[in-house]
Amino acid sequence: MRRIAKFEKVSPEQFKEGFRDCFGEKAAQRADEIYEQIKLPKRATKGSAGYDFFSPVEFTLSPGETIKLPTGIRVKMEPDWVLHLYPRSSLGFKYRLQLNNTVGIIDSDYYDSDNEGHIFMKITNDSNEGKTATISAGVGFMQGIFLEYGITEDDDTEEVRNGGLGSTTK
């Protein structure tokens, strides 16, 4: 196996800013305490393809509800690699939890963005069986898989990213 990436925490200041954006000013008072408990993504077994991302906070989603989460995580990876993000298989199967953008795509140049490459996730309980999902802080809720990619022979893109969601088209 090639070792092509390294997970890191964003700075405490960046996490607090992201936490405030997701949960408001009052909740941001707990950001420092929550930041200290953030666990870096890791594989559960030697044969696992996916790196489990752990929720920084406990949350409950009733059917139809959505939450936006700052993970506190960034990833530095080699060029020509991308990180794909998916809900944990068991959560999709049991509760039909789905990422709002279907598959999260983290490009290698996102790491150097103004927001430090802070990975956020927006997840919805799309249950049609009336099931409510509760995810405890520190429990895996999403998984990431690294994939290598190629480009076309005539690709001449020279643009540089600066920002998060949708920043490559601005």
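**Charges, then rings**

I looked up the charges first: the protein chain has 22 positive and 27 negative side chains, and the centres of the two sets lie 10 Å apart. Here Lys and Arg count as positive and Asp and Glu as negative, while His and the chain ends are not counted, and each charge is placed at NZ of Lys, CZ of Arg, CG of Asp or CD of Glu.

I noted that this is a predicted model, in which local features need pLDDT of at least 70 and side-chain atom pairs count only at pLDDT 80 or more, whereas totals for chains, interfaces and linings use all residues. Residues are numbered from 1 along each chain as its sequence is written, and side-chain values use heavy atoms, with hydrogens and water left out.

Next I searched the whole structure for aromatic pairs and found 8; rings of Phe, Tyr and Trp (its six-membered ring) pair if their centres lie within 6.5 Å, and planes under 30 degrees apart count as stacked, over 60 as edge-to-face and the rest as tilted. Phenylalanine 7 and phenylalanine 53 are both buried, meaning under 20% relative accessible area, with exposed being over 50% and partly exposed in between (1.4 Å probe, protein chains only).

Phenylalanine 19 is buried at a relative accessible area of 2%, whereas phenylalanine 23 is partly exposed at 29%.
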